[in-house]
Amino acid sequence: LKADGRTRSRPVRLAIALALIALAQEPATAESLEARIKAAYLLKLSSFVRWPATVFTDANAPLRICIVGRSDVHAVLEALARNQQVAGRTIAAVHIPHDSAAQAQSCQALFVGRNSPAWRDLLTATKRSPVLTITDRAGGTHGGVIEFIESGGNIRIGVDRAEARARSLELSSKLVQIAEPTGR
Amino acid sequence: LSTAVARAAERIAAQAARRVILIAVLIGCSAPAAAQTIDELREMSIDDLAEVNVSSVSKSDEPIGAAPASIYLIGNEAIARSGATTLPEILRLAPNLSTYQRAPGSWVVTARGMNGNLAAQSYSNKLLVLVDGRTVYSPLFSGVYWDLPDVLPEDIDRIEVISGPGATLWGANAMNGVINIITKSAVQSAGAFASAQAGESQRTVGARFGGSIGDNLDYRVFARWIDEEAAWSAPGVRAQDGWRRLGGGFRVDWTPNDRDAVMLQGEAFSGTLGRGGPAEEDTEGRSVTLRWNHRPSTTSELQVQGFYDRVERDSRASGGGKFTADSYDLEFQHSFAAGRRHTVVWGSGVRRTSYRIDGTATFFFDPPIRDLFLAQAFVQDSFAITPKLSFTAGLKVEKDPYVKASLLPEARIAWRANATTLLWASASRAVRSPTPFDRDVEERAGFLSLSGDRQFRTEKLTAFELGLRMQPAPTLSFSLTGYYHQYEDLRSIELLPGPGLNLTWGNMLKGHSYGIEAWGDLRLTSWWKISAGLHLHEQKLSFAPGASGLLDQYQLGNDPSYRIKLHTSLNLAHNLTLDADFRAVGALPGTSVRAYREVGGRLAWTPVRGLTLTVSGANLLHEYHREYEGGDLIPRKVMAGVELRY
């Protein structure tokens, strides 16, 4: 058994070396892939949506993407949005507390990423306002204009067109095409 | 000669397995890694995003839990990626549990030892197991018939495995540990899902459909069939103990407003278990659980839950008996913040179990019909002494069947040294209360008899634990727990006066156990994670003065001194995942069960959206191996599977 141990050490050493190489290549982001993909979605989605011009106070006002309950997604979005523009506007990633329905009114997009006692308040407080609500079934929230649906390890999106219309949001046909219809 | 050949074959198999792992590592390194950097994410289109497989590696970097206890979480993805098909197999993933397959559908699962001993009629009986708040251990002997509970693995949200006493908060029988199986809410399991797996030794088919009615009512319905072939009693000899189970049910979640949530679920199943001959044992069961959660404010919550559960086992066809047990349970729990520093949880519950046992001439219960009544009330306060230091004290009063009320106190202290380090310690008391098997059982075997002990008392445990949980780097986390358990009044076998060999139970064993539970996760890259687990356990029991001293200290369990687990999860490509696991388990002392090493794994490929093809295996190194004294030879398992999602 001892002799066997000797032959074993070589592949083990190689594996460790490979592990160290892999480790060195890993970027410094600590957030999970799931959080990164959702943050990227939040950034990309805004280019498929047209808001009524009245929601912006002036031509230089940033597009505010608010995030509730997911500081990790917020951290990635903040990094993603740096020096980026959508339809000529800079992006502001804002993390808001889950019980601040009033703040939600000032957001153009609102991601309610985790179930909390007041999560529905956030949706109702912005009802009929031009806020692109985004919910996450895996996080226990649903009923947003856009919904993250995890299936088989992939994160896809669902779109509730009626809800978008009620909020005076125009969705591009491309978005409607790739998304699954949700809502009732 | 044959052992030499077997050894050579084993060596070759082990070598091949090592190579496969190495190749997997090499492939993994050269595979296109999933999107990681900010720049790469920016480049991706919205279609690209939908193609990234996030099941992995990624979600498992669980945050450092605040709970000052030895808790291990088995998440949904870990379950899916493991290739495990039944609940006990899934529980193999927890490093703080020991699992032994005895036969198809027949398992022993323990935390911190006491795995039982068939020859001494001692069945592992010190765990509380819950499925969505419903207890599934048998009130007849406090152990679990693992062929009865089942859930669709896809619909499990998480399994919380707590080793050590958890009696105060969790409920009766949480002596050496708690297994809390929580399924997804209906909202989280929307859509259609179907899966099938088939191999020489096992086949499963499962399906679920989830949808919603109106704005705030979600539901799912599911069904599952498992067919496990008989294992081997000796090389080349089938044990005639195959297992089949068909079950199905529903879950409805209703959230009428922001403060209330109502859940209703129901389930029914029927199964058969081979008994070594042509005749089989039939099992049947059904249950309904209703739960109401009310959150009047962000700092308080009320939960009221009731369940009904019926279980039936009928082995009359194979010369055995039949029993039915109907349980009714009602409990509530209220948590609230008292001032800025206190969080109080209190609650109470009652359970009534009515059973009927149609025994045989050689194995029966006296009386055969009985009602068991259990009532409990508890209060627990968590006090933040400073922002970093918190103290939790709890007390439970439990009125168990047969005996007077027991007091179960618990104290825990937690020091959060910094955002990523938690140091904790605890002292607690737990009991296993008498069951019909301890009090009323009657067995006859020629000149030998065993009668339940009408004076049988509760078995008592005082436990001390010390734990450390750390996340020294974003990609590395680990947990380390040391424990010392002091047992009193454990069940022993005593002699009754008179001619012949007439035995009864007694409470004449005592002793202690100690050990270390350790596990950790290292995320090497965003597409590669490795985890390891270790459990070291020592147990010393001795007889109290005046005991008969029959059988030895192993009658309550032949527990291995070590158990090691290694797991690697790789995302080889955006639609291809590979998992491999290795376990090494020490010999069971006092038995013929030797130490063994085994590997398993799963390869999953998703060629198109909604379709996943899998190949999975378990116990791959040997054609068969034995895990438990008196148990079967457990064969290698290889399965091919398909999963459909819509």
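Begin by selecting Glu465(B) and Arg112(B), both of which are buried. This is a predicted model, and in it the two residues form a salt bridge whose closest N and O atoms are 2.9 Å apart. Glu465(B) belongs to strand β28 (residues 459–473) of chain B, whereas Arg112(B) sits in the loop between β3 (106–110) and β4 (116–117) of chain B, so the pair ties together parts that are 353 residues apart in sequence.

Next, select Arg203(B) and Glu229(B), another salt-bridged pair, with 2.5 Å between the closest N and O atoms. Here Arg203(B) lies in strand β11 (residues 202–213) of chain B and Glu229(B) in the loop between β12 (217–228) and β13 (232–234) of chain B, so this bridge ties together parts 26 residues apart in sequence. Are these two partners buried or partly exposed? Arg203(B) is partly exposed, with a relative accessible area of 23%, and Glu229(B) also counts as partly exposed, at 31% relative accessibility. Then select Glu154(B), Asp155(B), Arg208(B), Arg220(B), Arg602(B), Glu643(B) and Arg645(B), which salt bridges with shared partners join into one network. Over all chains, a search of the whole structure finds 56 salt bridges.

One of these is in chain A: select Asp136(A) and Lys38(A), whose side chains meet in a salt bridge at 2.7 Å, N to O. The pair links distant parts of the chain, with Asp136(A) in strand β6 (residues 132–136) of chain A and Lys38(A) in helix α2 of chain A, 98 residues apart. Because buried means under 20% relative accessible area, Asp136(A) counts as buried at 2%, and Lys38(A) counts as buried at 1%.

Stay with chain A and display the whole of it, with its seven helices and 10 strands. Of the 184 residues in chain A, 51% are buried, and the accessible surface of the chain comes to about 8500 Å², of which 53% belongs to carbon and sulfur atoms. Among contacts in chain A between residues at least 6 apart in sequence, 58% join residues at least 24 apart.

Centre the view on Leu132(A) and, leaving aside its neighbours within four places in sequence, look for its contacts, among them Val49(A), Trp51(A), Leu110(A), Val145(A), Ile146(A) and Leu171(A).

In chain B, select the open sheet of five strands, which follow the order β1-β8-β9-β6-β7 with mixed pairing. Its edge strands are β1 (70–75) and β7 (134–135) of chain B, each of which pairs on one side only. Within the sheet, strand β6 (residues 127–131) and strand β9 (residues 177–183) of chain B pair in the parallel sense over five bridges, and Val129(B) can be found opposite Ile179(B) in β9(B).

Further along chain B, select strand β30 (residues 501–525) and strand β31 (residues 528–543), which run antiparallel and are joined by 16 bridges. A hairpin connects β30(B) to β31(B) through two residues, and Tyr514(B) stands opposite Glu538(B) in β31(B). On to the next pairing: β31(B) and strand β32 (residues 562–573) of chain B are antiparallel over nine bridges, with Trp528(B) opposite Leu570(B) in β32(B). When following side chains along these strands, bear in mind that in a regular strand they alternate between the two faces of the sheet.

Finish at the surface by selecting Trp346(B), Val379(B), Leu395(B), Val397(B) and Leu407(B), a nonpolar patch with about 420 Å² of accessible area together. Val397(B) is part of strand β23 (residues 389–399) of chain B, and at 36% relative accessibility this valine counts as partly exposed.

Definitions and conventions. Residues are numbered from 1 along each chain as its sequence is written. Chains are lettered from A and ligands numbered from 1 in the order in which they are written. This is a predicted model: local features need pLDDT of at least 70, side-chain atom pairs count only at pLDDT 80 or more; totals for chains, interfaces and linings use all residues. Side-chain values use heavy atoms; hydrogens and water are left out. Contact means heavy atoms within 4.5 Å. Patches are made of residues with over 30% relative accessible area and no salt bridge: like charges are joined within 9 Å, nonpolar side chains (Val, Leu, Ile, Met, Phe, Trp, Tyr) within 5 Å. Accessible areas come from the Shrake-Rupley method with a 1.4 Å probe; for residues, only the protein chains shown count as cover. A salt bridge is a side-chain nitrogen of Lys or Arg within 4 Å of a carboxyl oxygen of Asp or Glu. Helices (H or I, at least four residues) and strands (E, at least two) are DSSP runs, numbered from the N terminus. Buried means under 20% relative accessible area, exposed over 50%, partly exposed in between (1.4 Å probe, protein chains only). Two strands pair if DSSP finds at least two bridges between them.
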